[in-house]
Every structure is written in structure tokens, then in C-alpha cells.
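Here's a quick briefing to read alongside the model. Take a look at the fold first, then work through the notes.

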Amino acid sequence: MEETQVKKIPNATAKRLPLYYRNLKFLEELGTCRINSSEFSKLVQVPSATIRKDFSHFGELGRSGYGYEVSYLISVFSQTLNVKEVTKLALVGAGNLGKALLKNNFRRNDDLVITCAFDNNETLSGTTVGEIPIYSMKELTQQIKKRKIGTAISTVPSKYSQNAIDLLVNSGVTAILNFAPGRVKVPKHVHVHYIDLTTELQTLVYFNENM
Ligand SMILES: NC(=O)c1ccc[n+]([C@@H]2O[C@H](COP(=O)([O-])OP(=O)(O)OC[C@H]3O[C@@H](n4cnc5c(N)ncnc54)[C@H](O)[C@@H]3O)[C@@H](O)[C@H]2O)c1
């Protein structure tokens, strides 16, 4: 996100920020993407002119006639309030590598957390790794939507990963970290990053032997 030009915020505005933030998170939970100042005014019980004035201290946050993007307001206000936005992730393919990632669960990074996993091996469904539940693939769409997850990790072997990734994409996931080397097809709005440990190691060995 671009740095927003924030001037010194008046105390009265700063005091209202937590109220705005709490209600924006509430709107986000409801799936509201955009809101104008008069709608927001009814929710927070602050005059819309005050809201517009308050928001103006953070630069150009919205457009007249269009309103404000809820997610953008949240990201700007969370910086000022120093609130950490946690990215919730899903994992598909709870095999050897998948379980290792679930056990680790980015414990050194508070901003990333795997909250659920999926596997087509029915014997894994209903089990947990630490506190992370493993669901069957039949439950994937419902869980991803309910948890509002946009980013997933796939540790499904290449041979089967297209199926798993199609289901993720059809459930609303737009960013995927794929540990299987086989290339998958996704729509343009979806980003896939590949982590190929074999290639990384071969490159390392090459440099070790030739440099
Ligand atoms: N294990 C490692 O150290 C390691 C390291 C680097 C890369 N990889 C790559 O990661 C991938 C997984 O490796 P692994 O060792 O964990 O394999 P694994 O066989 O232990 O696990 C794969 C899991 O995927 C599940 N699965 C298969 N098809 C599925 C589908 N269509 N939908 C949902 N789940 C499905 C299986 O039930 C299984 O639990 C491979 O492509 C491998 O090359 C593994």
C-alpha cells in the first residue's frame, strides 16, 4: 500500500478513530465493500460532516459520489492505530510437507496464520494438527467463504494440484503458494507462486561447485 500523507491529527479525530475502525471491521465482516459518509454516519452516530472532516486528515480517502472503500479505510486507520492486520491462510494437502507447515504455522510471524487445512484423504477429515482443523475437500468452499480467506498454500502433489487449485479459485482464493513444481492454470486475477526446493538446491550445488 502507498504511504498515505497523514498530517497531525486533531485530538478529537484521534479519539473517534477506534470507533470508526471497529465499525469498519464490522462492515467488512458483513461483506460491505464500499460506504458513503451518510451511511457510515447512521452506523457510528457521528454527523457525516464530522466524518468527512475526520477522514480528510488522512489525505484523499474516497471520491465524491463514490464513497469510501472499506478495506482501504481499515488499512489506513490500522496504521495510525498500530493495529496489526492478520492474514488468515488455508492449506490444501495435509501430507508430509503440509503437516510440517501446519505444525510450524509461521510462529515467528504474528501477521500470518494458517487457520484451516483440507485434504481429500477422508481419514484426515475431523483431525487436527495443533489447533488447526483438517476438513474434507467437500467442506472447502463453505469454510473458505465463512473465514473470508483469500490466500492459500498448496502442498498437493503436481499430479492432483490442478483439481485442488481449481476448487480454491472457485471458492474465492486469489493468491496461492504452490509447493508442487507442476504448473497450474489459473484465471488472470489469481497469483500463483511456486516454491521448488529441488531447483533451489540444484542452483545452490551448482554455485558451490562452480564459483
Ligand atoms: N515432503 C517434502 O519435504 C517436500 C519438499 C519439497 C516439495 N515437496 C512437494 O510437495 C508436494 C507434497 O509432498 P508431500 O511429501 O507432502 O506428499 P504427501 O503424499 O505426503 O502429501 C500429499 C497430500 O495431498 C493430499 N492430496 C492428494 N490429492 C489431493 C487433492 N486433489 N485434493 C486435496 N488433497 C489431495 C494427499 O491425501 C496427501 O495427504 C509434492 O509435490 C512434493 O514434490 C515436498
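According to UniProt, in an unreviewed entry, residues 82-183 carry the feature "domain: CoA-binding"; UniProt positions follow the numbering used here, feature names are shortened, and annotations may be inferred rather than shown by experiment. Bear in mind that this is a predicted model, where local features need pLDDT of at least 70, side-chain atom pairs count only at pLDDT 80 or more, and totals for chains, interfaces and linings use all residues. Residues are numbered from 1 along each chain as its sequence is written.

**Annotated spans**
- Helices (H or I, at least four residues) and strands (E, at least two) are DSSP runs, numbered from the N terminus.
- UniProt also lists a "DNA-binding region" at residues 19-58, again from an unreviewed entry.
- That 19-58 span is 72% helix and 5% strand, with its end C-alpha atoms 16 Å apart.

**Around the ligand**
- The ligand has 21 residues around it, and the closest are G93, G95, L97, Y160 and A180. A residue counts as near a molecule or strand if its C-beta atom, placed from the backbone, lies within 6 Å of it.
- Two elements, α5 (96-104) and α7 (158-170), each give two or more residues to this shell.
- α7 makes the largest contribution to the shell, with four residues.
- Sorted by class, the shell holds 11 nonpolar, nine polar and one charged residues. Here Ala, Val, Leu, Ile, Met, Phe, Trp, Tyr, Cys and Pro are nonpolar, Asp, Glu, Lys and Arg are charged, and the others, Gly among them, are polar.

**The α1/α4 pair**
- Helix α1 (residues 11-30) packs against helix α4 (residues 70-81) at about 145°, and their axes are 10 Å apart. Axes are lines fitted to C-alpha atoms, for helices over the stretch in contact, and angles run from 0 to 180 degrees between N-to-C directions.
- Residues of α1 including L17, Y20, Y21 and L24 meet a set in α4 that includes L73, I74 and F77; two residues are in contact if their C-beta atoms, placed from the backbone, lie within 7 Å.
- The contact of α1 with α4 involves 11 nonpolar, three polar and two charged residues.

**The three-stranded sheet**
- Three strands make an open antiparallel sheet, ordered β1-β3-β2. Strands pair if DSSP finds at least two bridges between them.
- β1 (34-35) and β2 (62-63) are the edge strands, each pairing on one side only.
- Two bridges link β1 with strand β3 (residues 67-69) in the antiparallel sense, and R34 stands opposite E69 in β3.
- α4 lies across β1 and β3, at about 65° to β3.

**The seven-stranded sheet**
- Seven strands build an open sheet with mixed pairing, in the order β6-β7-β5-β4-β8-β9-β10.
- Its edge strands, β6 (128-129) and β10 (191-194), each pair on one side only.
- Strand β4 (residues 87-92) runs parallel to strand β5 (residues 112-119), joined by six bridges, with A90 opposite C116 in β5.
- α7 packs on this sheet, touching β4, β8 (151-154) and β9 (175-178), and its direction makes about 170° with that of β8.
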